[in-house]
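Please work through the exercises below with the sequence and the structure at hand.

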Amino acid sequence: MKSSALRERYLPAMTETQLRSAAGQEKALVILPIGAIEQHGPHLPVGTDSLIGEILLRGIAEELAPEEAVYVAPSIVVSKSNEHTGFPGTLMVHRDVLAACIRGSVAQLEAWGFAEVAILNTHGGNLPLLRSLLREIRIETGESLHLLNPFPPTEMDAREQTFGIHGGEYESSILYAQVPEFCKPERADAQWIDAGLEGPDLRPESSPATFAWTARDLSPSGTMGDATRASAEKGGLWTRRAVQELVHELRSLQT
Ligand SMILES: [Zn+2]
């Protein structure tokens, strides 16, 4: 799926000489993508989060001018997915292993000479770890890493925006638009994670009272949100917008 524009910026495709000149550019920035392999409901592939990262990177590479010094490190695709344990298709490592992998890659990228490192995370389950890890790295080394975490579109209805956290309208639309050959839209369903729980304030996410949930507690199919509202048309629009926002962020990190 790698486009030629992305391949031009992909570090594993470079020789040592090319790497030296890439890292030596002023304010050279490298993106470290982090995805996941985990169940995404009956209609999406288990590589959904990693595929979304790759789709966004392809769009970013096509949008940037050739002289812009932005490069892409190999992705970390197996990450912290313990909330999806018990479903076939979920691969994971312990959060300490993921943290060690990120530390290792970041230390080397900086040793090669890249001025800025930005993590592009496309799996929500990694966020608590990433926030605390990046702060630890800052305190230990003085290095301030950047965290890019694309947000869902605001035109989805309020319930989907809050609780459509996994395989719902947003992720399904992106995949229908970009990799329809991997999707089974006829199997899409709607599962609401705020339904059937005790009390008005107890919710798995976005609430003052939460609990340590796993996907099995909340959704028999693995979907969290309404995938039946997804469309390729929305996905095309939302992909373009996410790419533009990310390109804007990347440029602001280099000024
Ligand atoms: Zn996902």
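The structure is a predicted model, in which local features need pLDDT of at least 70, side-chain atom pairs count only at pLDDT 80 or more, and totals for chains, interfaces and linings use all residues. Residues are numbered from 1 along each chain as its sequence is written, and side-chain values use heavy atoms, with hydrogens and water left out.

**Exercise 1. Describe how helix α7 packs with helix α9.**

Step 1. Two packed helices are described by the angle between their axes and the distance between the axes. Helices (H or I, at least four residues) and strands (E, at least two) are DSSP runs, numbered from the N terminus. Axes are lines fitted to C-alpha atoms, for helices over the stretch in contact, and angles run from 0 to 180 degrees between N-to-C directions.

Step 2. Helix α7 spans residues 169-178 and helix α9 residues 232-253; their axes are 7 Å apart, at an angle of about 95 degrees. The two helices are therefore roughly perpendicular to each other (angles under 35 degrees count as roughly parallel, over 145 as roughly antiparallel, 65 to 115 as roughly perpendicular and the rest as oblique).

Step 3. Contact means heavy atoms within 4.5 Å. On the α7 side it is made by Glu-169, Tyr-170, Ser-173, Ile-174, Tyr-176, Ala-177 and Gln-178, and on the α9 side by Ala-232, Lys-234, Gly-235, Gly-236, Trp-238 and Thr-239.

Step 4. Sorted by class, the contact of α7 with α9 has six nonpolar, five polar and two charged residues. Here Ala, Val, Leu, Ile, Met, Phe, Trp, Tyr, Cys and Pro count as nonpolar, Asp, Glu, Lys and Arg as charged, and the others, Gly among them, as polar.

**Exercise 2. Which residue forms a salt bridge with Lys-234, and where do the partners lie?**

Step 1. A salt bridge is a side-chain nitrogen of Lys or Arg within 4 Å of a carboxyl oxygen of Asp or Glu. The whole structure holds nine salt bridges.

Step 2. Lys-234 meets Glu-169 in a salt bridge, at 2.8 Å from N to O. This pair links distant parts of the chain, 65 residues apart, with Lys-234 in helix α9 and Glu-169 in helix α7.

Step 3. Lys-234 is partly exposed at 27% relative accessibility, whereas Glu-169 is buried at 5%. Buried means under 20% relative accessible area, exposed over 50%, and partly exposed in between (1.4 Å probe, protein chains only).

**Exercise 3. Are Lys-80 and Glu-83, which form a salt bridge, buried or exposed?**

Step 1. The closest N and O atoms of Lys-80 and Glu-83 are 2.9 Å apart.

Step 2. Lys-80 has a relative accessible area of 14% and is buried. Glu-83 is likewise buried, at 10%.

**Exercise 4. Follow the side-chain links of Arg-229 to Asp-157 and to Asp-226.**

Step 1. Asp-157 forms a salt bridge with Arg-229, with the closest N and O atoms 2.6 Å apart. Asp-157 lies in the loop between β4 (146-148) and α6 (158-163) and Arg-229 in the loop between β6 (225-226) and α9, so the pair ties together parts 72 residues apart in sequence.

Step 2. Asp-157 is partly exposed at 33% relative accessibility, and Arg-229 is partly exposed at 31%.

Step 3. Asp-226 is in strand β6 and is buried at 8%. The side chain of Asp-226 makes polar contacts with the side chains of Thr-228 (2.5 Å) and Arg-229 (3.0 Å). A polar contact is a pair of N or O atoms within 3.5 Å; within protein, one must be able to donate a hydrogen and the other to accept it, and residues adjacent in sequence count only if both atoms are side-chain atoms.

Step 4. Not counting residues up to four places away in sequence, Asp-226 touches several residues, among them Glu-160, Glu-169 and Trp-192.

**Exercise 5. Which atoms or groups does the side chain of Asn-121 reach?**

Step 1. Asn-121 is in strand β3 (residues 116-121) and is buried, with a relative accessible area of 1%.

Step 2. The side chain of Asn-121 reaches the backbone oxygen of His-123 at 3.0 Å and makes a polar contact with the side chain of Asn-126 at 3.3 Å.

**Exercise 6. What is the phi of Lys-27?**

Step 1. Most residues other than glycine have a negative phi.

Step 2. Lys-27, although not a glycine, has a positive phi of about 55 degrees. Lys-27 lies in the loop between α2 (16-24) and β1 (29-34) and is partly exposed at 34% relative accessibility.
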